[in-house]
Amino acid sequence: MQAQTLYEKLWSSHVVHVEDDGTALIYIDRHLVHEVTSPQAFEGLKLAGRKPWRVDSIVATADHNTPTDHWDKGIQDPVSRQQVETLDSNIREVGALAYFPFKDARQGIVHVIGPENGATLPGMTVVCGDSHTSTHGAFACLAHGIGTSEVEHVMATQCLLQKKSKTMLIRVDGKLGAGVTAKDVVLAIIGKIGTAGGTGYAMEFGGSAIRSLSMEGRMTICNMAIEAGARAGLVAVDDQTIAYLKDRPFSPRGENWDRAVEYWRTLHSDDGAVFDAVVELDAAQIKPQVTWGTSPEMVAAIDGTVPDPALEKDPVKREGMERALQYMGLTPRTPINKIAIDKVFIGSCTNSRIEDLRAAAAVAKGRRKADNVKLVLVVPGSGLVKRQAEAEGLDKVFVAAGFEWREPGCSMCLAMNADRLEPGERCASTSNRNFEGRQGAGGRTHLVSPAMAAAAAIAGHFADVRELA
Amino acid sequence: MKPFTKLDGLVAPMDRANVDTDAIIPKQFLKSIKRSGFGPNLFDEWRYMDVGQPGEDNSGRPKNPDFVLNQPRYQGAQVLLTRDNFGCGSSREHAPWALEDFGFRVLIGPSFADIFFNNCFKNGLLPIKLAADEVDALFAQCHATIGYRLNVDLDAMTITRPDGKVIPFDVDPFRRECLLNGWDDIGLTLRHADKIRDFEARRRIDQPWLFA
């Protein structure tokens, strides 16, 4: 048999029907649902008199609108509250395999709770009305974000209309330096290929540096595949994948576990499989990264400087850089480590898992935030992550450093709840998007790793975490 | 879905790359549980001088006179010229909902982000990819000519410029058919319900743990 890529294996095992022009119906195994992109889909189903095809494929939670403090007071914003209550009533009416509502012990960011509950398994197709669904590809699932019309389509038919993507291999070989994390790797990848570099591709991450990452790190990388334009990110199954999934609530058990593991072991690109594009990075060359602009591709190393648009030849790019620097309030050639910050956000579906919190706590331990830093928010990705962090005493480290320890949710990654930047405020953020206004109208976002975010909180400006003794 | 066949429409230029869906429709408007009414908040942060709130009356808000869609010559535009990677970022379908509600039916650019591109077709909005030099020429003509219009014919897959030049474009045949007829995807897919059931039955046997 011809050597296949992991993407081709996942694709061909889910095709139900193909139209003449190659548009295929692919079967969907897991449908993750949250409150923001589902109400219109539930309403559409109801108006058409349709029932969900397979309720036990649905795992739902409320995450985007939920507050991260004063849970006893409920959701203060009436518009946010209505959206969360609409999800409550839709799931009550329709049903689900699992629902983790606001305040539930296992509530959290949809892309954190899927894997930690074993609701995301290798070989699955996973969809969610959220672009960061690419996260789940860390488990060798074909996972991508969809729009609300497609949410309704999947509910009604258990299928999605898709055209096969091209395949791209991003190979990162070598050993990552101390203090360099998965977030730095993925920012470096986006810096190299650009935010549209992966458009039309399913992006597999391989090489010894990817293999050496934990599942949390692999999720961080796949999470930001969409920031490189790829709807889906992928990492092959290995011993770590299997060890992570053992005994999770929805993981298979007994004989099913053995059968599943045997199948999962086949979920890798075959030797000699041909990709449409290959990009290579040397892990040893990657330094801690900080974005300086309003697109994730506008990124520099911590020992670098803000670039000068005058040196850019492409006029559209040059204008984009000038506009970004104006919005960010930065002047060309400023050293990155001289940029002072106002706030820090540690959280989001990119970086709110236990390993992320451990990395931030390791930097914060025995130190205190700088006086010019008004707020350092630490928002765990889920109730389970929060409990684990508290069991390890990480919350105490954060509080002693002057950081705020909050309840789980999406929080200031997109600022749909009360956590946001004020106009002009500058933030070191472990989230995934530095777009204009993303963290609050007029807010200025710099994307960094959790360790780098903690280092910035302590220094009051961006600082090289490798130099903190 | 509203069908799309032909359009002779006024053109507006959005002359910047990487326009993301957060810019197209900011997050506070995503709290709505409806699919309509997003037009007044399209490009809210660029269009107005203040910060908009959901449910607010937008008629009295101060507009940014420099923003392209606020200029008198582009009022009533139905075709939007875009640059590379338009619609990147979040999967929010509120972005095409807002563009459509504002009055746009056609987007023309060198490249679009995947999820956004896909979402457009579900909402009677036609995104057209053209070679970068063709797009450059359209921007130049649009900037130079007040009242610049394009004629877009989905059946023939052509754009006709005012100077008579005809530019052919590609669309997936399946998407073209759906858009021309205004077909509901779900209805089309359910014609294959037996195939879906057969597939599912086999899967239940091969990978029973997925159905626990």
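I looked up the buried area first: chain A and chain B bury about 5,700 Å² between them, 56% of it on carbon and sulfur atoms. Buried area here is the accessible area (1.4 Å probe) that two parts lose on being put together, summed over both. I note that this is a predicted model: local features need pLDDT of at least 70, side-chain atom pairs count only at pLDDT 80 or more, and totals for chains, interfaces and linings use all residues. Residues are numbered from 1 along each chain as its sequence is written, chains are lettered from A and ligands numbered from 1 in the order in which they are written, and side-chain values use heavy atoms, with hydrogens and water left out.

Next I looked up who takes part. Chain A gives 77 residues to the contact and chain B gives 59 residues, where contact means heavy atoms within 4.5 Å.

I then turned to the charged pairs. There are 7 salt bridges between chain A and chain B, each a side-chain nitrogen of Lys or Arg within 4 Å of a carboxyl oxygen of Asp or Glu. I looked up a salt bridge between the side chains of A:K163 and B:D172, at 3.2 Å from N to O.

Last entry: A:H268. I found A:H268 partly exposed, at a relative accessible area of 31%; the class lies between buried (under 20%) and exposed (over 50%), with a 1.4 Å probe and protein chains only. Leaving aside neighbours within four places in sequence, A:H268 is in contact with A:Q4, A:L6, A:K9 and A:A236. A:H268 and A:S89 lie 179 residues apart in sequence and 40 Å apart in space, C-alpha to C-alpha.
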